[in-house]
Amino acid sequence: MGFQLGNLYVEKGEKVCGFLKLPFTEDELPVTLIYGQEEGHTVLVDGGIHNAEYVGIECVTGLAAKLQPEDIKGILILLHIVNVNGFKARTVSVSAEDGKNLNRVFPGDANGTYTDKLAYFIEKEIFSKIDYYIDVHNGDWFEDLTPFIYCVGNAPEETVAEAERMAQAADMPFYVKSQSGKGGAYNYAGTLGIPSVLIERGCNGMWSEEEVAASQKDVKNILRRIGMLKTRPTLAEMQMRVPKHMNHAHYVDSEKAGCWFPKKKAGQIVKAGELLGELKDYFGNVIEEFRLKEDAIILYQTISYSVPENSPLIAYGHYDICIDDMGNTHQHTHDELHKHRKEHYDDHAGIHSREMWEDMI
């Protein structure tokens, strides 16, 4: 008995590449189906939820070319480009058809506009068939980003635990458990009981073979962790570190439109009180200033000069103690605020930045 996904069909022990037809548009999604020679889980790996995040797209496309049925236990769905509508039009983050961000509309709406219908189709026709989900991303053209991995945190307890186990197979410095349960594809999948992770690597709308290879390594090691990929890791695929749980992640938005002047880079350690950036009006006057209450790591940030009103500026994270949770009268000790690892791996440069941590402490 084979496996049917829309108009595509694959028999056990076979690999099929083709275009998945959508019922509401002439657009078609490039898909590779691999049915292993042994029964097992059904797993979705996709790229291009955000259509200009090319590391994820090339990661999935490359894996689809390399992996074969003899490598797989179960059924692997490789969806190369989810938002092909935006990809073809070379838009940023949104569908060309309606200007909506696909990763903000799940579970979608059969009676909505293009992007709503695409999310609805994925939820009904693909999520209904899978046991695990790996969503591969990178920073868009206006985002500076340090590599990390998200796993679902707002889901049934056993789903969260399994997603966390998946995240711990990635070769990353840290992972973040997302508390969102809707909007994003992997977030919503988690609420359906599907253990899901989102890989973030690469930024500025660019891609490199090194970043693609690193994300492919993570995907393959996650597939090994959940019992799908039967091959042993090569020396280059060996996991060199286990990511640490980033207990707290915070997101800062602009209150007004203006011109953005960031003072730090993604991956940097920022001490409490340090200036992260300034937002200026169109005459050069500072209208917003951004500082942190605690020492933290910048996960990603906007780098575009133009910033709309109420738009994302900075995401940062830290371990252990969150000042907002401790009350204003608590005296924060040195140990409480600095229970971080003293060694932070700089994934872009490939070096250990011990000095960065020691300067913080």
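Me: Taking the expected span of a helix as 1.5 Å times one less than its number of residues, what span should the 13 residues of helix 1 have, and how far apart are its end C-alpha atoms?

Reply: This is a predicted model, in which local features need pLDDT of at least 70, side-chain atom pairs count only at pLDDT 80 or more, and totals for chains, interfaces and linings use all residues. Residues are numbered from 1 along each chain as its sequence is written, and side-chain values use heavy atoms, with hydrogens and water left out. Helix 1 should span 18 Å, and its end C-alpha atoms are 18 Å apart, which agrees. Helices (H or I, at least four residues) and strands (E, at least two) are DSSP runs, numbered from the N terminus.

Me: And which residues of helix 1 are buried?

Reply: Val55, Gly56, Ile57, Cys59, Val60, Gly62, Leu63 and Ala64 are buried there, where buried means under 20% relative accessible area, exposed over 50% and partly exposed in between (1.4 Å probe, protein chains only).

Me: At what angle does helix 1 pack with helix 6?

Reply: Helix 1 (residues 54-66) and helix 6 (residues 209-225) pack at about 60 degrees, their axes being 9 Å apart. That makes the pair oblique. On the helix 1 side of the contact are Val55, Glu58, Cys59, Gly62, Leu63 and Lys66, which meet Glu211, Val212, Ser215, Gln216, Val219 and Lys220 in helix 6.

Me: Switching to helix 3, how does its span come out?

Reply: The 13 residues of helix 3 (residues 114-126) should span 18 Å, and the end C-alpha atoms are 17 Å apart, which agrees. Its buried residues include Tyr114, Leu118, Phe121, Ile122 and Ile126, and Asp116 and Glu123 are buried in helix 3 as well.

Me: Which residues does the cis peptide bond join?

Reply: Phe106 and Pro107 are joined by a cis peptide bond, with omega at about 15 degrees, and Pro107 sits in the loop between helix 2 (84-89) and helix 3.

Me: What about phi at Asn204?

Reply: Asn204, although not a glycine, has a positive phi of about 65 degrees; it lies in the loop between strand 11 (196-200) and helix 6, and its relative accessible area of 28% makes it partly exposed.

Me: And Asn310, buried or exposed?

Reply: Asn310 counts as exposed, at 55% relative accessibility. Asn310 has a positive phi near 55 degrees and belongs to the loop between strand 19 (306-307) and strand 20 (312-318).

Terms used
Axes fitted to C-alpha atoms, helices over the stretch in contact; angles between N-to-C directions. Parallel < 35°, antiparallel > 145°, perpendicular 65-115°, else oblique. Contact = heavy atoms within 4.5 Å. Expected span 1.5 Å × (residues − 1).
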